Amino acid sequence: MNQSYLSLGSNMGDRFEMLRQAVSQLADHPAITVTRISSLYETDPVGFTDQEPFLNMVVQLETELDAFGLLDVCQEVEQNLNRKRLIRWGPRTIDLDILLYNQEILKTERLIVPHPRMYERAFVVIPLLEVNPNLEVPDVLETSGVRLWKSYGSMKEF
Ligand SMILES: Nc1nc2nc(S)n(CCO)c2c(=O)[nH]1
């Protein structure tokens, strides 16, 4: 069984209903079990800032699908909810991003995992750590300019 974390966001229409329906569609999928959901956070837009605030959340799930199969489902959910995104970084009815898939590091045209901007986004990190405070992030953290240099078991060892 595979474990994955998704970030969901909406800032158009009935934001809460969009997120509720997206999570419900994931949970109803025969190859997906939603295991944890974060609180909902209202967040200031990053990137294109001249737009409405988002509602964001993170979902932990288990799935028999591989990462690309999970991406297909995320895109189907976006289509089912009649995703509208008029400009690239602009307002959207619903957005589902794969953050992590097991401890895998994938760099393809279609999918990059861990999500390349996840560590820069409080609207991702805060709900993600709510869902799993002990998250082991893959060593891709290295490529984000943050490299573990030394760790300690306790203050005494410091
Ligand atoms: N706060 C916030 N800002 C965003 N900018 C983009 S693009 N998105 C879409 C997700 O990449 C968001 C978002 O979900 N939340």
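**A salt bridge joins the side chains of R15 and E42, with 2.8 Å from N to O.** The partners come from distant parts of the chain, R15 lying in helix α1 and E42 in strand β3 (residues 41–43), 27 residues apart. A salt bridge is taken here as a side-chain nitrogen of Lys or Arg within 4 Å of a carboxyl oxygen of Asp or Glu, while helices (H or I, at least four residues) and strands (E, at least two) are DSSP runs numbered from the N terminus. R15 is partly exposed at 22% relative accessibility, whereas E42 is exposed, with a relative accessible area of 54%; buried stands for under 20% relative accessible area, exposed for over 50%, and partly exposed for what lies in between (1.4 Å probe, protein chains only). The model is a predicted one, in which local features need pLDDT of at least 70 and side-chain atom pairs count only at pLDDT 80 or more, although totals for chains, interfaces and linings use all residues. Residues are numbered from 1 along each chain as its sequence is written, and side-chain values use heavy atoms, with hydrogens and water left out.

**Within helix α1, R20 and E17 are separated by about one helical turn, being three residues apart.** The two residues form a salt bridge in which the closest N and O atoms are 2.8 Å apart. Both partners are partly exposed, R20 with a relative accessible area of 40% and E17 at 24% relative accessibility. In general, side chains of opposite charge can pair when their charged atoms come close.

**D72 and R110 form a salt bridge whose closest N and O atoms lie 2.4 Å apart.** This pair also links distant parts of the chain, since D72 belongs to helix α2 and R110 to the loop between β6 and β7, 38 residues apart. D72 is partly exposed, with a relative accessible area of 32%, and R110 is likewise partly exposed, at 40% relative accessibility. In total, the model contains four salt bridges by the stated rule.

**The largest nonpolar core holds 28 residues, and those with the most contacts inside it are L6, L8, L96 and I98.** Two or more residues each are given to this core by β1 (2–10), α1 (15–28), β4 (54–63), α2 and β5, and the largest share, six residues, comes from α2. A nonpolar core is a set of buried Ala, Val, Leu, Ile, Met, Phe, Trp, Tyr and Cys residues joined through side-chain atoms within 4.5 Å. When residues up to four places away in sequence are not counted, L6 touches L26, M57, V58, V59, L61, L70, C74, L96, D97, I98 and L99, a contact meaning heavy atoms within 4.5 Å. Apart from this core lies another, of ten residues, including L100, F123, V124 and V131.

**A nonpolar patch on the surface is formed by F48, L86, I87 and W89.** Together these residues have about 410 Å² of accessible area, computed by the Shrake-Rupley method with a 1.4 Å probe, and for residues only the protein chains shown count as cover. Patches are made of residues with over 30% relative accessible area and no salt bridge, like charges being joined within 9 Å and nonpolar side chains (Val, Leu, Ile, Met, Phe, Trp, Tyr) within 5 Å. L86 is found in the loop between α2 (67–80) and β5 (95–101), where this residue is exposed, with a relative accessible area of 69%.

**V113 and P114 are joined by a cis peptide bond, with omega about 0°.** P114 has its place in the loop between β7 (112–113) and α3 (122–131). A further backbone detail is N102, a residue other than glycine whose phi has a positive value, near 50°. N102 is located in the loop between β5 and β6 (106–107) and is partly exposed at 27% relative accessibility.

The C-alpha trace spans about 55 × 40 × 30 Å along its principal axes, and 42% of the 158 residues count as buried. Among contacts with a separation of 6 or more, 69% are between residues 24 or more positions apart. The accessible surface comes to about 9,300 Å², of which 52% belongs to carbon and sulfur atoms.
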